[in-house]
Amino acid sequence: MTHSRIQLLDEKTSRKIAAGEVVEKPAMVVKELVENAIDAGANEIIVDIKKGGKSLIRVTDNGSGIHYDDLPLVFERHATSKIRSIEDLYATQSLGFRGEALASISAVSQVELITMNKDATIGKKVVASGGHIQKVSEIGTVQGTTLHIRDLFFNTPARLKFLKSDQAEARAITELMSYLALSHPEIAFKYAVDDNRIFHTPGKGKISDVIFTVFEPMMLKGLYEINETSEHHTLSGYISRFDYTKGTRNYQLLFVNGRYVKSDLLKEVIQMAYKPYMMHNRYPVCILFLSIAPSDIDVNIHPAKTEIKFKDDGAVKQFIFTALKKAFNLYDQVPTATFTEKQVFRVEETEKAQIEAIQDMPLPKFPEMTSQMASQMATQIASQKPSQMTPPMSQRSNHTPSPYVPPVKPEAIDFSELTQFAQETIQLETLKPLEESIYEGLNYIGVYNQTYLIFEKETSLYLIDQHAAHEKILYESYMTAFSNHTLQSQMLLIPEVVELTTLEMEMFNEAQSTIEKMGFGLEVFGAQSIVIREIPSQMGIGMAKRMALAVLDGSVHVMDDVMAFKLAERACKAAIKAHDVLHDMEVVALLESLKGLNDPYTCPHGRPIIIRFALSEIERKFKRIL
Ligand SMILES: Nc1ncnc2c1ncn2[C@@H]1O[C@H](COP(=O)(O)OP(=O)(O)OP(=O)(O)O)[C@@H](O)[C@H]1O
Ligand SMILES: [Mg+2]
């Protein structure tokens with residue numbers, strides 16, 4: 001290898017290299033252009049792409065336009081009208097701040113910019129190639145800005161080679177567009193791929209409209225609203241009811257202060273909160289918007305990246321977790337059993353989940369799918385409650401409904417028609433806000449197999465697993481006693497001496513009263529040991545020792561987990577069993593206690609306590625209805 005001397009790169013080369021940092025792929029170009037449009041105050045943004053954005057990306061907005069004196073600077077690096085300090089980034093509405101994007105994009109493409117600001121009478125058109133303005137001319141146009149980006153990476157063949165297929169690049173853009181639309185429900189986004197409309201959002205400020213439009217319309221039927229505020233955070237959005245799941249986590253989205261962020265934290269919290277209610281390989285949809293003080297976000301993370309670091313992960317996790325758990329109890333979510341094979345054969349369910357995981361990939365949603373989905377939606381809704389519904393779309397246009405729509409160009413779907421559907425869909429919502437416990441108003445009918453208590457309420461039949469029910473009642477009462485420090489203690493026959501290190505001894509002096517509140521009786525015994533005389537009645541001496549040490553270690557949360565586990569075990573042992581014969585009075589007492597549960601659906605091990613059978617399901621089985 002020859003030793004090269006240091007040389008300054010020529011300007012063209014350095015521009016191209018710099019460009020690579022901002023624009024690696026077409027989706028990043030779209031992101032920059034749309035963010036500029038948002039910054040310009042547009043309330044309508046039209047995005048068209050061709051060949052996955054490789055041959056054309058066109059973004060049109062009705063925003064402020066660019067001041068003509070600024071035009072010569074637009075493609076210069078570090079030229080920005082939005083200077084902000086980095087610290088302000090998550091607080092301000094301004095998405096751009098580097099003055100980098102257009103310079104980078106224009107360095108690797110052919111750009112045509114048309115703009116007009118509100119005071120001007122005629123627009124300007126700027127043509128640039130490889131970062132240099134070729135021509136400026138006048139043009140008749142309306143207020144706002146349009147950017148045409150053609151032949152992306154024409155002068156950087158290496159980068160061009162790294163691009164994925166047109167479909168894959170289009171999919172990435174569609175995904176991005178759906179996130180942008182969700183984060184700005186007040187902006188109408190019109191998005192098309194290769195001249196086929198993918199979605200038009202109405203821009204009326206309603207998240208539900210956007211979910212309806214960018215994902216499948218029926219999704220809203222399985223979701224409900226969540227709203228929670230604490231001193232430092234606000235959370236809103238839509239979450240799955242227990243019976244609405246997907247085969248992928250792709251619909252678990254977090255927006256922080258109005259921006260989409262990739263978040264493992266969110267997926268973890270959702271997993272924790274929903275775990276007891278989800279079948280294997282099934283995942284809830286959660287589209288959540290978190291507001292948090294910008295000072296609680298670590299700004300050292302590169303702002304262009306969608307990853308985010310919270311100063312206090314634990315607090316955010318705890319807040320979202322509690323909000324979800326609270327929201328779970330807002331609605332009646334008793335699982336309704338069906339007699340369909342899907343429920344009976346769980347193996348098949350799992351396989352199906354895997355297949356769906358692939359099919360479920362949210363994007364791209366190409367037009368033939370849109371019309372197919374529209375027709376599916378129409379038939380589905382129609383089959384549910386024909387009398388209350390507006391006729392399905394296919395009938396409105398005097399066509400016989402057909403389950404299969406050949407993949408042709410979509411018949412134009414009128415958006416107003418779709419929003420109307422959205423509203424109807426939401427009204428059809430079977431989740432009723434819960435005003436009382438789900439156990440209220442159940443009439444006891446009898447017992448089946450000396451295990452399942454049978455009840456009826458309105459038109460539904462309910463089965464309650466007597467063991468799971470009692471187990472949960474005991475468990476919650478133990479947990480309450482534990483957190484109120486009123487757990488009973490048991491005196492040890494032979495007190496246990498525990499040797500401690502000097503450090504532990506110091507910790508002990510600080511923590512003694514805390515540990516005693518948990519049901520321990522302890523005394524100092526010499527310089528380096530303590531004696532345990534009493535332990536919480538729920539545990540053996542081995543466990544008690546370990547727990548006491550955990551507290552000394554400062555890992556109190558370990559103690560909580562261990563305790564929850566031990567208490568569940570204890571509740572299971574103490575609870576009435578399957579096949580125990582209950583008197584009617586006992587059933588009544590059990591039902592009364594069930595009404596007081598905080599988390600009424602599952603036993604501490606996650607199995608359901610109560611299941612509902614809908615009359616329609618039973619009648620269908622008896623062929624009274626089809
Ligand atoms: N659609 C638009 N409407 C109005 N002004 C625009 C538009 N696009 C770009 N501009 C103007 O051009 C400038 C340069 O845009 P560019 O995207 O390169 O930089 P930026 O948005 O300031 O910062 P960043 O590099 O972080 O995106 C902006 O500061 C803005 O003044
Ligand atoms: Mg910008």
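The chain comprises 19 helices and 23 strands in this predicted model. Of its 626 residues, 33% are counted as buried. Among contacts with a separation of 6 or more, 69% are accounted for by residues 24 or more positions apart.

Helix α2 spans residues 26-39 and contains 14 residues. The distance from its first C-alpha to its last is 20 Å, close to the 20 Å expected at 1.5 Å a residue. Most of α2 is covered, with 13 of its 14 residues buried. Gly 41 follows α2 and has a positive phi, near 80°.

Most residues other than glycine have a negative phi. Glu 458, however, has a positive phi, near 45°. This residue is located in the loop that lies between β18 (452-457) and β19 (460-465). Glu 458 has 7 other C-beta atoms within 10 Å and is therefore classed as exposed, the cut-off for this class being 12 or fewer.

A positive phi is likewise found at His 579, where the value is near 75°. His 579 is placed in the loop between two helices, α17 (556-574) and α18 (584-594). Because His 579 has 10 C-beta neighbours inside 10 Å, this residue also counts as exposed.

Methods. Residues numbered from 1 in each chain as written. Chains lettered and ligands numbered in written order. Predicted model: local features only at pLDDT ≥ 70, side-chain atom pairs only at ≥ 80, totals over all residues. Helix = DSSP H or I, 4+ residues; strand = E, 2+ residues; numbered from the N terminus. Buried ≥ 20, exposed ≤ 12 C-beta atoms within 10 Å, placed from the backbone. Contact = placed C-beta atoms within 7 Å. Expected span 1.5 Å × (residues − 1).
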